[in-house]
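Me: I've got a structure to go through before class. Can we take it piece by piece?

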Amino acid sequence: MNACEQPTVDGTASSPLFLTLGDSALCVQFGEMIDPVANRRVIALAQNLLDRPIDGVLETVPTYRSLLVTYDPTQVRGALLEGLLSERITTLGAQEDVSRHWRVPVVYGGKVGMDLEALAAEKEMTPDALVELHSSAEYRVYMIGFAPGFAYLGGLPEALHTPRLPKPRHLIPAGAVGIGGQQGSINSVAGPSGWRYVGWTPWRTFDPASANPVLFAAGDRLRFVPVSAERGNEIAAAIGAGELSPQPEGAQ
Amino acid sequence: MTLEILSAGPVLTVQDHGRRGLKHLGVPAAGAMDRPSMDLANALCSNPPTAAALEFAAVGGQFRAGRDLCFAVTGGDCEIRIDDRVVPVGQSHKVEAGEIIKIGALGNAIWGYIAISGGIEVPEVLGSRATHLRFGLGGLEGRALRAGDVLPLGAEKEKPICLRPRTPATRLTPIAADRPIRLVLGPQDDYFAPDVIALLENAPFRVTSQRDRMGTVLDGPALAAVRGHDIVSDGIVPGAIQVAASGQPMILMADAQTTGGYPKIATVITADLPRLAQFPTGSEVHFEIISRDDAENIQIKDKERQEEILNALVPATGALLTSEFLLSCNLVGDVAHPEAVMGRDHEAPSKSRK
């Protein structure tokens with residue numbers, strides 16, 4: 001764990017905001033930006049609610065900087081729940097950082113990485129330089145969301161920050177490696193997306209038939225390793241044949 | 001112990017109450033677009049509310065009963081036949097093994113529900129039988145059903161009798177497309193200037209044909225976000241109204257993803273989301289902004305009201321007058337077979353030929 005990512009003194013800087021999502025959900029927002037400290041508080045609150053459930057709370061969804069909490073208003077009212085959550089938050093410790101490290105093979109460019117060249121041109125760099133920049137960073141899995149097993153990645157170099165498309169594309173394949181705003185991603189299933197795509201990984205990050213259907217977890221760290229299309233296809237074939245299953249690097 | 005699909009409407013899927021507890025892994029709930037209507041269909045078949053049923057868009061299909069069973073169709077008006085006999089929507093009917101159920105077009109709704117006594121017992125995937133089409137989860141191979149599919153049925157818990165709501169109805173809540181859809185502002189209403197919030201409340205919107213189980217796109221004035229249309233992705237729920245850079249609002253529905261990166265100006269209340277799902281394409285939509293407290297009160301009362309209807313089902317007098325049915329209602333002894341008096345079908349063939 002980097003010293004600079006240690007949470008500072010808790011409680012004084014910011015009390016969270018409560019946002020309303022209709023009659024059965026609310027959102028506890030610990031910050032506006034992608035921030036590892038806010039993300040740790042999110043994960044800590046989610047864990048707290050797992051350890052000591054509040055009657056009427058149905059589910060939580062940890063995201064970058066906020067925790068979605070769904071509830072049954074016949075059991076607990078939103079206003080009351082905000083009070084209960086506020087009390088919990090004042091006593092929260094920082095989540096212990098038990099991250100796994102992954103080296104994820106990526107085939108850059110090509111049909112799936114359709115935006116590589118245009119994006120490089122937009123950023124006034126060569127496609128090779130973009131690949132170099134993208135694969136040199138260490139990313140943190142801040143959350144799993146949008147689709148089953150879809151990993152949202154913090155740590156995207158600022159030079160690669162790119163807004164999403166105004167209208168999503170209809171079909172992006174599983175494994176596509178993308179950029180949306182200040183975030184990175186690995187698509188886990190095929191589907192529509194407004195993100196820009198620079199490559200694909202042969203790894204499967206979601207497999208509903210598996211005992212452990214989702215590969216990554218919030219808090220994991222990963223790096224992208226450029227591989228040739230040929231190597232990518234070999235890895236995909238080995239995974240498909242059940243000869244290979246992605247593993248994190250040695251336990252930290 | 002099966003139901004065979006002889007023909008299928010365009011979007012016929014297995015649904016139930018959806019997946020719970022996996023949103024943190026990005027697994028959306030799925031489940032019925034109009035859950036109260038599915039609950040009614042299940043209750044009419046004496047199924048538990050957790051049973052899986054069939055959901056269809058616009059047109060049902062034809063089905064062959066693999067065993068004696070009881071079925072009900074809800075959601076909207078619809079022509080239903082058992083072989084050539086016309087039977088009414090909004091109540092359950094007995095069918096003998098080998099008979100064919102024909103479910104036609106919905107007259108005034110988008111989503112219809114077909115419950116079968118014993119429920120559809122396809123294997124659970126991640127804790128639910130609900131089909132999520134985009135992610136290929138649940139149902140039969142995670143896809144819409146088609147001719148030739150054979151669905152396993154569960155065992156009937158009790159011998160079902162034919163039922164209908166005390167006040168005959170095809171659904172628990174009227175669609176009432178002329179009445180406003182109620183919203184609670186947030187979570188990102190502060191991304192929009194007050195005049196845009198006023199537009200949301202005062203301008204008419206229109207249901208476009210860009211709609212599926214995941215979302216419904218509305219036409220209307222563009223809702224520009226002063227703080228921009230990209231947010232750091234956060235959690236979302238069905239009913240959330242997200243606004244991408246086009247300014248067109250999209251209302252997220254049953255198959256909605258768990259998180260998203262567009263600002264969400266408001267959330268449709270739980271009681272009104274099934275109504276909106278049933279609005280015909282091209283309908284005008286008016287929104288009314290209410291407080292969270294009011295929305296919760298509405299939800300609490302609505303749930304009570306629905307349970308009252310479901311707990312007060314009565315025997316359906318229009319159902320087939322088989323001796324078994326009459327015996328189950330304690331109306332007759334074993335004096336005479338009613339078929340001998342009425343014929344097997346009290347809805348005469350001349351009626352169904354209209």
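Me: Let's start with one helix. Which residues in H1(A) are buried?
Reply: First, a caution: this is a predicted model. In H1(A), the buried residues are Pro36(A), Ala38(A), Asn39(A), Arg40(A), Arg41(A), Val42(A), Ile43(A), Ala44(A), Leu45(A), Ala46(A) and Asn48(A).

Me: What do the buried residues of H1(A) pack against?
Reply: They pack against strands and helices of chain A. The strands are E2 (25-29), E3, E4 (66-71) and E6 (139-144). Helix H2 (78-90) is packed against as well.

Me: How many residues does H1(A) have, and how far does it reach?
Reply: H1(A) has 16 residues. From its first C-alpha to its last it reaches 22 Å. That is close to the 22 Å expected at 1.5 Å a residue.

Me: OK, domains. What is the domain assignment of chain A?
Reply: Domain 1 covers 3-90 and domain 2 covers 101-240. Their centres, taken over C-alpha atoms, are 28 Å apart.

Me: How many residues are in contact between domain 1 and domain 2 of chain A?
Reply: Eight residues of domain 1 are in contact with nine of domain 2. On the domain 1 side, helix H1 (36-51) and strand E3 (57-62) each supply at least two residues. H1(A) gives the largest share, three residues.

Me: And by class, what is on that side of domain 1?
Reply: Six nonpolar residues, two polar and no charged ones.

Me: Switching to the two chains. How many residues of chain B are in contact with chain A?
Reply: 41 residues of chain B are in contact with 47 residues of chain A. On the chain B side, H4(B) gives the most, with six residues. That side divides into 17 nonpolar, 16 polar and eight charged residues.

Me: What about the largest nonpolar core: which residues touch the most other members?
Reply: The core has 166 residues. Those touching the most other members are Ala41(B), Ala53(B), Phe71(B), Val73(B), Tyr113(B), Ile114(B) and Ala115(B). H1(A) supplies the largest share of this core, six residues.

Me: Take Ile114(B). What does it touch?
Reply: Leaving out residues up to four places away in sequence, Ile114(B) touches Ala41(B), Ala53(B), Leu54(B), Phe56(B), Gly60(B), Phe71(B), Val73(B) and Ile103(B).

Me: Last one. Where in chain A is the pLDDT below 50?
Reply: Chain A averages 89, and 92% of the residues score at least 70. Over residues 1-13, though, the pLDDT is below 50. Beyond near neighbours in sequence, that stretch has eight contacts in the model. Where pLDDT is low, the predicted coordinates should not be read in detail.

Terms used:
Residues numbered from 1 in each chain as written. Chains lettered and ligands numbered in written order. Predicted model: local features only at pLDDT ≥ 70, side-chain atom pairs only at ≥ 80, totals over all residues. Domains from an automatic or database assignment. Contact = placed C-beta atoms within 7 Å. Helix = DSSP H or I, 4+ residues; strand = E, 2+ residues; numbered from the N terminus. Nonpolar A, V, L, I, M, F, W, Y, C, P; charged D, E, K, R; others polar. pLDDT = per-residue confidence, 0-100. Core = buried A, V, L, I, M, F, W, Y, C linked by C-beta atoms within 7 Å. Buried ≥ 20, exposed ≤ 12 C-beta atoms within 10 Å, placed from the backbone. Expected span 1.5 Å × (residues − 1).
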